[in-house]
Amino acid sequence: MLKTVNQRISLVLIAIGICYLLLAFQLPSYAYVPVDADVVPITLGILLILLASCLYFSKDSETEEQKARRKIPKKDIGALLAVFSFIFVYILFLELLGFVLMTMLFIFFCSWFLGYKKHLSNALVSILFPLCMYGMFTEFLNISLPQGLWPF
């Protein structure tokens with residue numbers, strides 16, 4: 001039943017998709033809207049289950065080269081854990097500090113940690129990208145993002 005890695009991964013993805021769908025069906029519905037808030041999450045959950053099912057039945061035999069590529073060097077595990085820590089801190093302080101400030105800090109320090117040496121271009125990107133994204137979401141899409149400390 002679970003001969004290949006693809007089959008094991010697909011079963012995990014199917015379980016995640018089922019849990020995601022259960023939560024998506026619990027979203028409240030709104031009257032007088034043409035497309036309800038649960039349409040996209042339900043569609044994504046169904047798509048995840050369908051694609052994971054296709055992955056389960058795919059005819060991919062595992063070679064020794066693929067097994068060797070799957071091994072993560074011990075020095076890279078520390079970098080992965082650090083990036084996951086950056087993501088956790090980002091999520092933890094997003095509401096408190098706001099989207100713009102937290103995204104600026106996340107982009108700059110994560111890029112710096114991963115070895116990007118051009119600090120001026122890193123600073124410009126980490127400032128301009130969150131500001132542009134915040135403007136697009138709030139002005140054009142009318143989606144509110146966490147303001148945090150800044151009054152805009």
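Modeller: Helices (H or I, at least four residues) and strands (E, at least two) are DSSP runs, numbered from the N terminus. Leu-96, for instance, lies in helix 4. Please keep in mind that this is a predicted model, in which local features need pLDDT of at least 70 and side-chain atom pairs count only at pLDDT 80 or more, while totals for chains, interfaces and linings use all residues. Residues are numbered from 1 along each chain as its sequence is written, and side-chain values use heavy atoms, with hydrogens and water left out.

Colleague: Is Leu-96 buried or exposed?

Modeller: Buried means under 20% relative accessible area, exposed over 50%, and partly exposed in between, with a 1.4 Å probe and protein chains only. Leu-96 counts as exposed because its relative accessibility is 54%. In helix 4, by contrast, Ala-82, Val-83, Tyr-90 and Leu-97 are buried, and helix 5 (99–113) is included in what covers them.

Colleague: Which residues does Leu-96 touch, leaving aside those up to four places away in sequence?

Modeller: Contact means heavy atoms within 4.5 Å, and with that exclusion Leu-96 touches Gly-148 and Leu-149. Leu-96 and Gly-148 are 52 residues apart in sequence, with their C-alpha atoms 5.1 Å apart in space.

Colleague: What span should the 24 residues of helix 4 have?

Modeller: The expected span of a helix is 1.5 Å times one less than its number of residues. For helix 4 this gives 34 Å, which agrees with its end C-alpha atoms, 34 Å apart. Helix 4 also bends by about 30° at Ile-91, where the bend is the angle between axes fitted to the seven residues ending there and the seven starting there. Gly-98, whose phi is positive, near 95°, follows helix 4.

Colleague: Which residues form a nonpolar patch on the surface?

Modeller: Like charges are joined within 9 Å, and nonpolar side chains (Val, Leu, Ile, Met, Phe, Trp, Tyr) within 5 Å. Here Ile-72, Ile-77, Leu-80, Leu-81, Phe-84, Ile-87 and Ile-91 form such a patch, with about 670 Å² of accessible area together, as computed by the Shrake-Rupley method with a 1.4 Å probe, only the protein chains shown counting as cover for residues. Leu-81, found in helix 4 (residues 74–97), is exposed, with a relative accessible area of 52%.

Methods
Patches are made of residues with over 30% relative accessible area and no salt bridge: like charges are joined within 9 Å, nonpolar side chains (Val, Leu, Ile, Met, Phe, Trp, Tyr) within 5 Å. A salt bridge is a side-chain nitrogen of Lys or Arg within 4 Å of a carboxyl oxygen of Asp or Glu.
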